[in-house]
Amino acid sequence: MPEDRRYDDREVGLILKRVAELHEDGADKGDARSLTKVEIEDVVADLGISRALVTKAVAEIAVQDVRNRPVWWLGGKTDLMFEEVVEGHVDEPTLTGMLEVLRRLLGDPGALEVEGATRIWSTTPRTSRRVHLTVVEHGSSTTLRLEERMPGDAGATVGLPAVGGGFLGIMAMIPLKALLLKSVLMLTMGPLVAAGATAGWLAGRAVWKRRSTDREVRLRRAFAEILALAPNSDIPPRERR
């Protein structure tokens, strides 16, 4: 590779992103470095990049970090979001190909809405999953965002077993009636219900952790296929954590 070759803004961005990934993979975790927002602005300013772009990038990463964060008491994630900015515009044939990826994955034709330069495809209400693909044109680039909201599924998966476990704890008192005094039986009610509910919660939590992880893997794979169809995109999707 000639040392005097010049790279445009897009290539510089790709190189810097890849350098950061390689540094993250090879860095000593015990000697991790961190930078403040101001220090990052100083670095990009030396490279001739606008400081305002740092503020925009920080805001975007903050949103994705919240959206992709697992919920402890549920055992898994309730929101998934994958986003990438690609050069060029997504024409209708390309968009059709992207939507076909989701239709094949979800078994749902979905519905497409157009709002100015934004196109949003969503699953139909009859399906249990709430998946949205947003394509936003701005300038000479396009933002692709694939997201799924799962709070209802997560709550039902974890909550119902917990309630059922508590009910089984109450039912467990029936065979104890003949063995224990009423006063003793009343004292055992609380621990039995709590134990049943806890066991049900742990079981539901394990189920949701497995289920949400599976959805995340499948959605990430779908986003990789979508991104491969985009113009000038050779970057694999990377979830912001």
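This report walks through a predicted model of one protein chain, from its overall layout to single residues.

## Ground rules

Residues are numbered from 1 along each chain as its sequence is written. The model is predicted, so local features need pLDDT of at least 70, side-chain atom pairs count only at pLDDT 80 or more, totals for chains, interfaces and linings use all residues, and side-chain values use heavy atoms, with hydrogens and water left out.

## Layout and confidence

The protein chain has 6 helices and 7 strands. Helices (H or I, at least four residues) and strands (E, at least two) are DSSP runs, numbered from the N terminus. Read from the N terminus, the order is α-α-α-β-β-β-α-β-β-β-β-α-α.

How confident is the predictor? The pLDDT (the predictor's confidence in each residue, from 0 to 100) averages 79 over the protein chain. A score of at least 70 is reached by 72% of the residues. Over residues 234–241 the pLDDT is below 50. This stretch still has 30 contacts in the model beyond near neighbours in sequence. Where pLDDT is low, the predicted coordinates should not be read in detail. Among the elements, helix α3 (residues 52–67) has the lowest confidence, with a mean of 60. Strand β5 (residues 118–122) has the highest, at 95.

Contact means heavy atoms within 4.5 Å. Of the contacts with a separation of 6 or more, 59% join residues 24 or more positions apart.

## The core

Buried means under 20% relative accessible area, exposed over 50%, and partly exposed in between (1.4 Å probe, protein chains only). Of the 241 residues in the protein chain, 32% are buried.

The largest nonpolar core has 27 residues. A nonpolar core is a set of buried Ala, Val, Leu, Ile, Met, Phe, Trp, Tyr and Cys residues joined through side-chain atoms within 4.5 Å. Which residues have the most contacts inside this core? They are Met98, Leu102, Leu133, Leu144, Leu146 and Ile226.

Leu133 shows how such a residue is surrounded. Leaving aside neighbours within four places in sequence, Leu133 touches Met98, Leu99, Leu102, Arg119, Ile120, Trp121, Arg145, Leu146 and Ile226.

Ala222 sits in helix α6. Ala222 is buried, at 4% relative accessible area. Ala222 and Leu102 are 120 residues apart in sequence, but their C-alpha atoms are 6.8 Å apart in space. Beyond four places in sequence, Ala222 is in contact with Val101, Leu102, Leu105 and Leu146.

Is Asp108 buried or exposed? Asp108 is buried, at 1% relative accessibility. Its place is the loop between α4 and β4 (111–115). Not counting residues up to four places away in sequence, Asp108 touches Arg103, Trp121, Thr123, Thr124, Arg126 and Thr127.

## Salt bridges

Side chains of opposite charge can pair when their charged atoms come close. A salt bridge is a side-chain nitrogen of Lys or Arg within 4 Å of a carboxyl oxygen of Asp or Glu. The whole structure holds 12 salt bridges. The table shows some of them.

| Pair | N to O distance |
|---|---|
| Arg119 and Glu92 | 3.1 Å |
| Arg104 and Glu225 | 2.6 Å |
| Asp153 and Arg215 | 3.0 Å |

Asp153 lies in helix α5 and Arg215 in helix α6, so this pair ties together parts that are 62 residues apart in sequence. Asp153 is partly exposed at 23% relative accessibility. Arg215 is buried at 11%. Salt bridges that share partners join Arg129, Glu148, Asp153 and Arg215 into one network.

Arg119 is buried at 9% relative accessibility, while Glu92 is partly exposed at 49%. In the other pair, Arg104 is exposed at 52% and Glu225 is partly exposed at 34%.

## The surface

The protein chain exposes about 14800 Å². Carbon and sulfur atoms supply 62% of that area. Accessible areas come from the Shrake-Rupley method with a 1.4 Å probe; for residues, only the protein chains shown count as cover.

Val12, Leu16, Val43, Leu47, Ile49 and Leu53 make a nonpolar surface patch of about 470 Å². Patches are made of residues with over 30% relative accessible area and no salt bridge: like charges are joined within 9 Å, nonpolar side chains (Val, Leu, Ile, Met, Phe, Trp, Tyr) within 5 Å. Val12 belongs to helix α1 (residues 9–26). Val12 is partly exposed, with a relative accessible area of 31%.
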